[in-house]
Each structure stands twice: as structure tokens, then as C-alpha cells.
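Hello,

Here is the structure I promised to pass on to you. Have a look at it first, and then read on for my notes.

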Amino acid sequence: MSTESFSQDKLSFNNLSKQESSVINNKGTEMPFTGKYTTFYEKGTYVCKKCGAALFMSSSKFKSDCGWPSFDDEIKGAVSKYPDPDGMRTEIECANCGAHLGHVFTGEGLTAKNVRNCVNSVSIDFVPAQLEAGRYGTAIFAGGCFWGVEYFLQKAPGVISVTSGFTGGHVKNPTYEQVCTGNTGHAEAVKIIYDPEKTSYEKLLRLFLEIHDPTQVGRQGPDIGDQYRSEIFYLNDDQKKIAEKDIALLKEKGIKVVTAVTKASDFYDAEKYHQDYYFKNGKTPYCHAYTQRF
Ligand SMILES: [Zn+2]
């Protein structure tokens, strides 16, 4: 494991679910044709689920019919290769944190590069942006209609991408209509990918607490329902500590913050027409505004 090329070596590792950990830490393999990125071909970059390092560009992804995401190249220096204990295959790991990714095969003649990095979907995360190299942070916030939260956070310095979606509930792959019923347990939320050299988790968290009203219960402005609740979904213990500290700071100032602080669970991207809604439609949010609180 080498962190020399990454200046942000203090960025914490993300907590992993049981299934993620069994693959990433214990070198397991997800069932073929079950991963979320097996037949996914959006333009962007795939980063390490554990540490956020950029690993593969979408331009190297190809259809292989093997049941796992396949890449015929990696971002230079991002992936380490080791002989697998089975004596036959070559294992691939995140060069930054050692997360198990899968195996690499050569000589199959599937692409001109003649390489297939066979990667578990649970080992990677997709970012809809072209990242060169380095390590990226993730933050997940819910604060009412995700169009408005996305609008403000997308404009913050150091933010690479903001994806609107749903999290915190019990229904797999929910649709917007399902979430709108208020019965899925999910909140409308945003997933932010940021560059830790240009911003920090705390800066983004404070901005989040200033662009929505963290004192409202089960609603945000005109949007009423549990799916519009205020909630911070932390990915690691450092994020949890920062969130609790900043909420305590606001409470000391007499602001009755009700924002929940909850361990992150599966995040489901919302339908495409919800992404970058205000930017695409040339409008400004009706439900969110900036108020200085820190
Ligand atoms: Zn990693």
C-alpha cells in the first residue's frame, strides 16, 4: 500500500457493508450478473469503494458477457497486481488502500488491448466526471427536495459531482413515485464526490446545514413528508464526529437542529430527469436558500 502520491492520506476509509467487506477485505467474489455496474455504461470514472481512489475510466469499460464489470485498462498506477493464492490467476487491488477488486486476465482477445480487469461492482463506486488520479471523498446529505440541495452543493468549490438519489429506507431500487408515497423509508438525498485538496467534509457539511432549514421535522419548506427530512448519512467515524460536533455548535447558538446523524446505507441514484434539474431547466430553487449559521 502506498499513499505517497496522495496528499490526503488522512482521509478516512469508508465503512463497508457486510457484503462489501466480504469482497473488499476478504477477497470474495460477488455473484455474476448481480452487480450494479455489470451492464452500466455511463461516462465517468470508477473509484475505490473503500478509499475513494480513482481506478478506471469509463472509456476502458467494455461488454464482456462474463457477469462482472470489465475494463481493458486502468488509471496509471492505481491498480496493483499480485499472483492469486490459487496459483493461476492474477489478483488486482486498489494500489492506495489494498482493497480487493477482482482479477486481471490477458490474451482473451476481447479488445485491442487484450486485457480484462474483471472487477466486482461492490468494490467500486461510479462518479459522473472525468477524474485523472488521486483520492476523492464522498458525503451524503438529505435536506428536502434533492433538486435544491444539489443546486447549492454542486456550485461549492472542490465539489466534483453531486448525484440526486434515495437512501435510508428499506425498499431496494426505489422509483421516485415510490419514494413520494412516503412508505419506502427513504429520504431524498444527494451523494457528493469532492476533492479533499480543495475542500473538506466539514466545509460541505456546514454548507449543507446553511442551505436548508435543519430545524424542520418531516418536511422542508413547502415539501411535506418524511422523505424530505433532514439527515446526515455518515460514511465513516470521522464524518460522524464532525457532524455531531457541528450540530452541537448550532444548538449552543440556540438553533433547534433536528437533523439526524445516521450510518450510510445503500444509495440509489434517482431517475435521470432528476439529475442537475435546476441547471438543465435554467431555474433556481423554490425550496432552499442560503442562511449563515456558522
Ligand atoms: Zn482504495
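Let me begin at the start of helix α5, where a side-chain oxygen of N236 comes to within 3.2 Å of the backbone nitrogen of D238. Please keep in mind throughout that this is a predicted model.

Helix α5 itself covers residues 237-252. With 16 residues, α5 spans 23 Å from its first C-alpha to its last, close to the 22 Å expected at 1.5 Å a residue. Just beyond the helix, G254 has a positive phi of about 90°.

Which residues of α5 are buried? They are Q239, A243, D246, I247 and L250. Looking down the axis of α5, you will find these buried residues within an arc of 100°, so they line one face of the helix. On the face turned away from the buried side of α5 sit the exposed residues K241 and E252. The cover over the buried residues includes β10, α4, β15 and β16.

That brings us to the sheet. Helix α5 lies across β10, β15 and β16, and runs at about 150° to β15. These strands belong to an open sheet of six strands with mixed pairing, in the order β16-β15-β10-β12-β11-β17. At its edges are β16 (260-263) and β17 (267-269), each of which pairs on one side only. On average, and ignoring direction, neighbouring strands of this sheet are turned by 35° against each other.

Next, a single residue that is worth a look. T184 lies in the loop between α3 (176-180) and β12. Is T184 buried or exposed? Its relative accessibility is 4%, and since buried means under 20%, T184 counts as buried. Leaving aside residues up to four places away in sequence, T184 touches G169, H170, V171, Q178 and V179. A polar atom of the T184 side chain also lies 3.1 Å from the backbone nitrogen of H186.

Finally, please turn to strand β7 (residues 100-106). Why can β7 be called largely enclosed by the rest of the structure? Because five of its seven residues are buried. Strand β6 (residues 90-94) pairs with β7 in the antiparallel sense over four bridges, and I92 stands opposite G102 in β7. The hairpin of β6 and β7 has five residues between the strands, and in this hairpin G98 takes a positive phi near 80°. Strand β7 also runs antiparallel to strand β8 (residues 115-119), and five bridges join the two. There, H103 has C118 of β8 as its bridge partner.

Do write back with any questions.

Best wishes

How values were computed:
Residues numbered from 1 in each chain as written. Predicted model: local features only at pLDDT ≥ 70, side-chain atom pairs only at ≥ 80, totals over all residues. Heavy atoms only, no water. Pairing = 2+ DSSP bridges. Axes fitted to C-alpha atoms, helices over the stretch in contact; angles between N-to-C directions. Contact = heavy atoms within 4.5 Å. Expected span 1.5 Å × (residues − 1). Buried < 20%, exposed > 50% of the residue type's maximum accessible area, 1.4 Å probe, protein only. Arc of directions from axis to C-beta. Polar contact = N/O pair within 3.5 Å; in protein donor to acceptor, adjacent residues only side chain to side chain.
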